[in-house]
Amino acid sequence: MAFKDENFQALILFAHINRQGSLSAAADLLGISRSSVSKQLAALEKKIGSRLFNRTTRKIVLTDVGRKVLQEAHSVESALQRIEHISEDSRSVVSGHINISAPIAQGRIHIAPLLTEFINLHPKVTVNLQLEDRFIDMIAENVDVSIRVGYLPDSSLIARKLGDVSWVLCASPKYLEAAPPLKAPSDLLNHRCLYYRNSKVSMNTWTFVGEHGEEEITVSGPFSINDPGVLITAALDGAGVLLINRGLLGNTIEEGRLISLLDNYQVVGGLPTYVVYPEREFIPAKTRALVEFLVEKMPSKMSSD
């Protein structure tokens, strides 16, 4: 059975369908129509002489033949990646396009300015930064480098630690003028609190450690949102008390626009921050250069703000 170029493309498409879990999702990822995906899969199945998926209205499941073909499809993908990266690594000049993912607030405040510096150092590099507060599938979404806050469940990624998130409780002088006393964590129950919330998590349980041990408080308030930058703006406008990553505040505390609170307590829950990239036999020069740059520059950004 002779295979042509289009058959190799169909194998890669087949691998994308399996990763995404549906023909429609694979079509959206690749920017083509679902009918085109269906036709290419049908042509591949005809060439092989066997169905690759058992399909229902809700899901697709690999057949025995599909599992064997998937192994070969992964081999084709790996071979193409190695061919691409061999040429990049053979050059002394760092060049090429890099897709990067980062959390919204940290990406806006820390990563974007650093990327400007990086592309000035490497003018033959172009970058696309996507800001979103979710763990992405780096392989399926063609992301070269990702910034992740928290512990990493995916062991297939190479991770380099950039630092640790530290938390600070704060509020604006405007809010504190008319607010009740705040001398212990339990006093937060009498305050308007601002907190991060998305469709999966609500970060309104705050834990403190003082001379009498650990104290956990579930707060409430008028405003929750999935953008830490907007929460900071709300705190600056006097909307309430905020527990936030200190590295996102800039000089607002030093300038007196926000006041640090409960300084005799330690906030529990600092999280590590990593730069991660997919494990590959050949790491492109552009990826290696960016990772080393972030490992050098990012810790001081996180600790000095």
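The model is predicted, so local features need pLDDT of at least 70 and side-chain atom pairs pLDDT 80 or more, while totals for chains, interfaces and linings use all residues. Residues are numbered from 1 along each chain as its sequence is written, and side-chain values use heavy atoms, without hydrogens and water.

Let's start with the strands. Strands here are DSSP E runs of at least two residues, helices H or I runs of at least four, numbered from the N terminus; two strands pair if DSSP finds at least two bridges between them. β9 (residues 205–210) runs antiparallel to β10 (residues 213–218), joined by 6 bridges, and a hairpin of 2 residues links them. T207 has E216 of β10 as its bridge partner. β9 also pairs with β14 (residues 266–267), antiparallel, over 2 bridges, where F208 partners V267.

Now, which strand gives the largest share of the lining of the largest pocket? That is β5, with 4 residues. The lining comprises 38 residues, with V149, Y196, V201, M203 and L271 nearest the pocket's centre. β9 is among the elements giving two or more residues to that lining.

Last, helix α2 (residues 23–30). L23, A26 and A27 in α2 are buried, meaning under 20% relative accessible area with a 1.4 Å probe, protein chains only. They sit on the same side of α2 because they cover an arc of only 100 degrees around the axis, taken from the directions from the helix axis to the C-beta atoms. After α2 comes G31, with a positive phi near 75 degrees. Thanks, all!

Definitions and conventions
Buried < 20%, exposed > 50% of the residue type's maximum accessible area, 1.4 Å probe, protein only. 1 Å grid on protein atoms, 1.4 Å probe; cavity = no way out; pocket = protein on both sides within 12 Å on 5 of 7 lines; lining within 4 Å.
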